[in-house]
Amino acid sequence: MLESLESFIKNEEYRITLLKDKVHVLNYKSIIDINENNVLLRIDKDIIKIVGSDIKLLKLDKKELLISGK
């Protein structure tokens, strides 16, 4: 069991969670661009584009991002 817990804690895969008027991103590599209408993120070898309006960055950490908007 301890091995499973350790692999869960050290998991480096990205995760995107959609919440009401928010998007939570875990383990992103870098922010390419952010403005009031979209966010471009590098995740592993891919680029993710989040589109909306009135986008605001609520939380920024080395591996975690929380965005609000419509």
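1. In what order do the four strands of the open sheet stand? The order is S1-S2-S7-S6, with antiparallel pairing (two strands pair if DSSP finds at least two bridges between them). S1 (15-19) and S6 are the edge strands, each with a single partner, so one side of each has no neighbour in the sheet. Neighbouring strands here are turned by 15 degrees against each other on average, direction ignored (axes are lines fitted to C-alpha atoms, and angles run from 0 to 180 degrees between N-to-C directions).

2. A word on the ground rules: this is a predicted model, where local features need pLDDT of at least 70, side-chain atom pairs count only at pLDDT 80 or more, and totals for chains, interfaces and linings use all residues. Residues are numbered from 1 along each chain as its sequence is written, and side-chain values use heavy atoms, leaving out hydrogens and water.

3. Overall, the protein chain has one helix and seven strands, running α-β-β-β-β-β-β-β from the N terminus. These are DSSP runs numbered from the N terminus: helices are H or I with at least four residues, strands E with at least two.

4. Back to S1: five bridges join S1 to strand S2 (residues 22-26), and the two run antiparallel. Ile16 sits opposite Val25 in S2.

5. Then there's Leu60, which lies in strand S6. Leu60 counts as exposed because its relative accessibility is 53% (exposed means over 50% relative accessible area, buried under 20%, partly exposed in between, with a 1.4 Å probe and protein chains only). As for burial, 24% of the 70 residues in the protein chain are buried.
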